[in-house]
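Dear colleague,

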There are 2 protein chains.
Amino acid sequence: MDLYEALYTTRAMRRVKPDPIPLDVQQRIMDAAVRAPSGGNQQGWRFLLVDDQATKEKLAPLYKDAVGKLWETFYAGQLAEAEARPNDPDSISFLKVQKSANWLGDHFAEVPLFLFPFTQFDPTGSSIYPAVWSAMLAARAEGIGSCITVILSFFYPNEVNEILGVPTEEGWAMQGCISLGYPTGTWGVATRRPAHEVTYRNQWATDVGFETTEPLWPPRT
Amino acid sequence: MDLYEALYTTRAMRRVKPDPIPLDVQQRIMDAAVRAPSGGNQQGWRFLLVDDQATKEKLAPLYKDAVGKLWETFYAGQLAEAEARPNDPDSISFLKVQKSANWLGDHFAEVPLFLFPFTQFDPTGSSIYPAVWSAMLAARAEGIGSCITVILSFFYPNEVNEILGVPTEEGWAMQGCISLGYPTGTWGVATRRPAHEVTYRNQWATDVGFETTEPLWPPRT
């Protein structure tokens, strides 16, 4: 797969089929992931693949509860606003994300594979999320949808660490949970605020010197 | 460029030529970067491209100093060990990274372009480093080398924010500094600890079920 196609079409794909992901595909994903950079090339990372049904069923109620907490805390204001004005474009987009997130909350144990990344002493996340995003891009090339979520680390880190046997006393910390599975939907370019609106040059809030109204991929012929 | 080629060969490329990066190339890089995921698709990010010589010269001494501090603090132990046993493979690798990092410390103002990413309220980094890594991968496809470094945010966040005019009172926080330029060296697959040594299945410290001694890319024919 072309790099730009992967970068433009690897969107959050929460709704997936229960079909298992073959071991050789998992291997290609992880072999690509560990090529990512990490501070001083320290590779202070571990990855835990979870496909055991009993383990997923222990995690599922925690995840469902965390999703509920998300709407009651971080996104309470946005949710109230979206529900008050359900026909606004921003509301439509927000409620779509909410519905999709709730799907994962309700169907966690049916997702065939999860990837839990861990780091030791990475205060910024810069030494783990490149590897995580590489795994998600490689998954895309393999026809596998993924979604990164960090809500388990916000709401239930201790419970998850205990279920997975993580030696937290050694400083290992969960950095999220990535769902992986063959998608039920179709790939497409996600809607985003244009680059020139969020990019400045040399000083904050200056014009960056280019402007794009439509995504540059796929190339117009 | 093939996705896997990009994932395997986008290694830290600190040594670059002073040649400027054309605006349309910068635009393609940033247009790809903003397709990355962010928590709840909030896109709470800003990017600042720095190519102004005077601005780079203000940042350069801070960066050089931060590199020096790095060896005196985080990596002091490893450096002492590497210098004591310079012929060990680990030492050779560490001293190579150090030499390369020092090059960037000494030549900061000669690098044609820097990308500074910022987020509002992203405690994990999971909502910015996918976009940053996408920018670095897109740069790779454009023949541009990059390196992510977070040392300015560790040692001189206030000074850098002031130089760049960042409204920190609004919660915007610098998440690193990515150098960009046409490389003087050649691309290659970086050496990493194999995936199966850092990946477990269902429980910490278990066998993941696959083993790879050589990188899976390029494919063996």
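Cys147(B) stands opposite Ser179(B) in strand β5 of chain B. This pair belongs to the antiparallel arrangement of β3(B) (residues 145–149) and β5(B) (residues 177–181), which are joined by 5 bridges. Strands are DSSP runs of E with at least two residues, numbered from the N terminus, and two strands pair if DSSP finds at least two bridges between them.

Please note that this is a predicted model, in which local features need pLDDT of at least 70, side-chain atom pairs count only at pLDDT 80 or more, and totals for chains, interfaces and linings use all residues. Residues are numbered from 1 along each chain as its sequence is written, while chains are lettered from A and ligands numbered from 1 in the order in which they are written.

Strand β3(B) is mostly covered, with 5 of its 5 residues buried (20 or more other C-beta atoms within 10 Å of the residue's own, C-beta atoms being placed from the backbone). Gly145(B), Cys147(B) and Thr149(B) point one way from the strand, and Ser146(B) and Ile148(B) the other way.

With β6 of chain A (residues 199–201), β1(B) pairs in the parallel sense over 3 bridges; Phe47(B) is the bridge partner of Thr199(A).

Yours sincerely

Definitions and conventions
Helices (H or I, at least four residues) and strands (E, at least two) are DSSP runs, numbered from the N terminus. A residue is buried if 20 or more other C-beta atoms lie within 10 Å of its own, exposed if 12 or fewer, and partly exposed in between; C-beta atoms are placed from the backbone.
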